[in-house]
Amino acid sequence: MTVAAGRRRFPWVLTASSIAIVAALLAPLVLVVVQAAQSGWSNVWEVLDRSYVATLLWNTVRLAAVVTLLAAIIGTGAAWLTERTALPGRRLWAVLLIIPVVIPDFVLSWSWSSVFDAVHGFNGAVLVMTLHLYPLIYLPMAGAFRSADPGQEEAARGLGLSLWRVWWRISVRQARATLLGGCLLVCLALLSYYGAFENLRYQTFTTAIFGELQTQFSPGVASSMSLVLVAISLFVLGGEAVFRERGRVDRTGPLAQRALMPIPLSGFRKALALAGIVALVALALGFPIGIVGYWMVVGQSSGLPAAVSLGSAVGYTVAYSALAAALATALALPVAMLAARHRRRWAAALERSTFVVQAIPGVVVGLALVFLTSRYLFSLYQSPELLVAAYALMFFPLALVAMTASVLRASPRLEEIGRSLGKGPVAVRLRVTLPLLGPGLAAAFCFVFLSAATELTATLLLVPTGVQTLATQFWAYAEEGVSFGAAAPYAATMIALSAVPAYLLSRWYDHRFRGDPSGRSALEALT
Amino acid sequence: MARASGAFSKRVVATLATAVVASSLLAACGSSGGSNSLTVYNGQHPQLTQAIVAAFEKQTGIHVNVRTDDGIVLANEILQEGSHTRADVYLTENSPELMMLTQRGLLAKLPASATSQVPAKYDSPTSNWVGVALRVSALAYAPSRISHAQLPASVMDLAQPQWKGKVAIAPTDSDFVPLVGAVIATHGESAALSWLRGLKTNASLYPDDESVVAAVDRGQKDVGIINQYYWYRLQLEQGAAKTHSRLYTFPNQDVGSVENISGAAVLAASHHRSNADRFVAFLVSPTAQRILASGDDFEYPTRPGIAVNSAEPPLSQLNPAVVNVVSLGNDLPAAKLLQQAGLT
């Protein structure tokens, strides 16, 4: 009873630390505005009031429109086939179909542009980005199809509707909000990429921001462009949040969860569906891996020396990413605990506000932190600590999503039971809470680690002198335009670092959250 | 499930342990200071700088940290870092960045031991930097698409409508801005702006000169504006037999083939001043200049009497346009025009 009374006290420590964490996470937004303001609003306007900015806007909008449409069609189709039909080998496909999104965008685009000159510009960007991003639709749609009420589909088929009609009029319509939410995630990813568009020679805000840094002598110019980029991203994120809420309502009705009977496919349809899925996996996953392997074997030399060896690049990458993962996990814990154990509206709002980070592209995080440290915190400028902090900040939402389910499971009740059995608070934390949190903490650590290990954009701006990570050394070769053989080992290492653990993790998630509609796979946010 | 959780907890412990080990590693490799060291902000090609740095370290025992990026990006960093900068030496590919940093009072005066080693025309008029290498802008062309006779007499011609869709440029490469500066110095600002607007219409944009020359070599474009050495490097890299493009220098000292000076300076805020002076003097010493001239860099040495790589003609034979470093300016007007033309 005393314990229970103690629980009801206002959670000062959790709240204060959560507020501090949220403030730190959102600092880049403030810093970008401060930097732009310092350079003068008339200068900002001069930068933005140009036809060039209109071109960038048009490039962004038309790419987002076409890629989103194609990804929506491919992702939804593939999700329906693997979740709702008796497609042969569908559990394996379900996992393989996810992997392309965790292969770094700049490696994927490089694999295409290194062998096909024609893959560039708008068409090239559409091709590569669709093959990279359709999993962002596939994942939530697979979840939606899995948890949908099968009764409607069965009724529709009973009434004689064709397979296609059932798919379109029942399955897709039920998951409309989920689909729109996924589409906005695709847009968010497109807004943040830099390396891929540089490779594909397609101008977007991120490539333009780097272009300004390479030609202009006023950091204010780059930060003015960043303002537009962040504004668009926030707009998209706002839309995503709206649709996610609606998507939840769709799925959490009082449905009797029952096993879905896979829709049988006739011989011809089965062959067609299988061919489609095989072709998709071959293009999106097989092709890039094959090309990296090809360049490894061809093994062309490069005049460009490695600033660091592959081994040392791996060392730096692993060290920075592991520290960032530990930091992000440690920071996400209080926020997740507060939201889970003190179910008040403001606690939920605090938790939700951290997802705004998803709308801050890496280039903006990098510029903001360069501005902050070069002006006010010079001891951290270009330091390893700053790069680690940047990674932790950027990938915080992943850590939070990954540990939410575990934090909910580690209920305070169980701690109380432990205390009532005569164990001390430390023993209870170690023997009850930690084992329950363990899987969530591990997943959070892994997700952040994998993302940080393949981060390029912010790293280019923040990397300490004399250091190269896998991504930056790969980029140095990729930019040379001819050193494909020299770039390949770095590409292969990054694919191994991202795709293999993602495969294992998604198998684990698939096993764990099957049939749990609230267990929104954290892989969904892994870009 | 319980077993899986147990395995996961073990994995957490293992990863956390790794993180602890990593953090001590980080501390070990993060600090690269020390009195007998030097930090070079390197806008030159890493292969060249690495070779020269290795020779310098061997000769002096001074450890050199190198930060490599585009020359203009590094100049921006130095501007932003101001008196805090950790850079001791700034080595860049073109003189305008050095002129700009001189004007901002961020560069120290160099000792005569450095500046006296090369002709005065390759040095800062105020002894704030020294010329290390010379390079000439040029045109790579694809004989499969265009014959030598059809090539333009002047780089200014590439803004004409008949070149639409045939030109490759890299406006955000640190080498392009100085070329614009040279065009301004030669033809004036308004002619330079209409030239850039013409290029904006005619040209496909590439991220850097390396990809421009690679694209022309693959026959994607008729011509591409580069510096001469990019073509030689490509040829060396892939072999003469596999190189399908050719190199063209503009005749009659046209500004399209202007000579640019790559130079080095010591930062006024340097805490390793004597090491920095030694390094800059070493860059123009016979040892370093020979590395530069005989390796696979294909830039021309500023020091007289050093034989150039036999794969390319001597500089005098190219007969490049020469724009005085003072008239070539500090990149700022050129950068402004690039913005106005909508190229950046």
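Predicted model: local features only at pLDDT ≥ 70, side-chain atom pairs only at ≥ 80, totals over all residues.

Biologist: Okay, which way do the residues of β3 in chain B point?
Modeller: In strand β3 (residues 89–92) of chain B, B:Val89 and B:Leu91 point one way while B:Tyr90 and B:Thr92 point the other way, and all are buried. In a regular strand, side chains alternate between the two faces of the sheet.

Biologist: And which way does β1(B) run against β3(B)?
Modeller: Strand β1 (residues 37–42) of chain B runs parallel to β3(B), joined by three bridges, and B:Val40 has B:Val89 as its bridge partner there. With strand β9 (residues 259–266) of chain B, β3(B) pairs in the antiparallel sense over four bridges, where B:Thr92 is partnered by B:Gly263.

Biologist: How many residues of β4(B) are buried?
Modeller: In strand β4 (residues 130–141) of chain B, 11 of the 12 residues are buried. This strand β4(B) pairs antiparallel with β9(B) over six bridges, with B:Leu134 partnered by B:Ile261, and B:Leu134 also stands opposite B:Tyr300 in β10(B).

Biologist: Switching to chain A, why does A:Val428 count as partly exposed?
Modeller: A:Val428 counts as partly exposed because it has 19 C-beta neighbours inside 10 Å, whereas a buried residue needs 20 or more.

Biologist: Where does A:Val428 lie?
Modeller: A:Val428 lies in helix α22 (residues 425–453) of chain A, and its C-alpha is 5.9 Å from that of A:Gly418, which is 10 residues apart from it in sequence.

Conventions: Residues numbered from 1 in each chain as written. Chains lettered and ligands numbered in written order. Helix = DSSP H or I, 4+ residues; strand = E, 2+ residues; numbered from the N terminus. Pairing = 2+ DSSP bridges.
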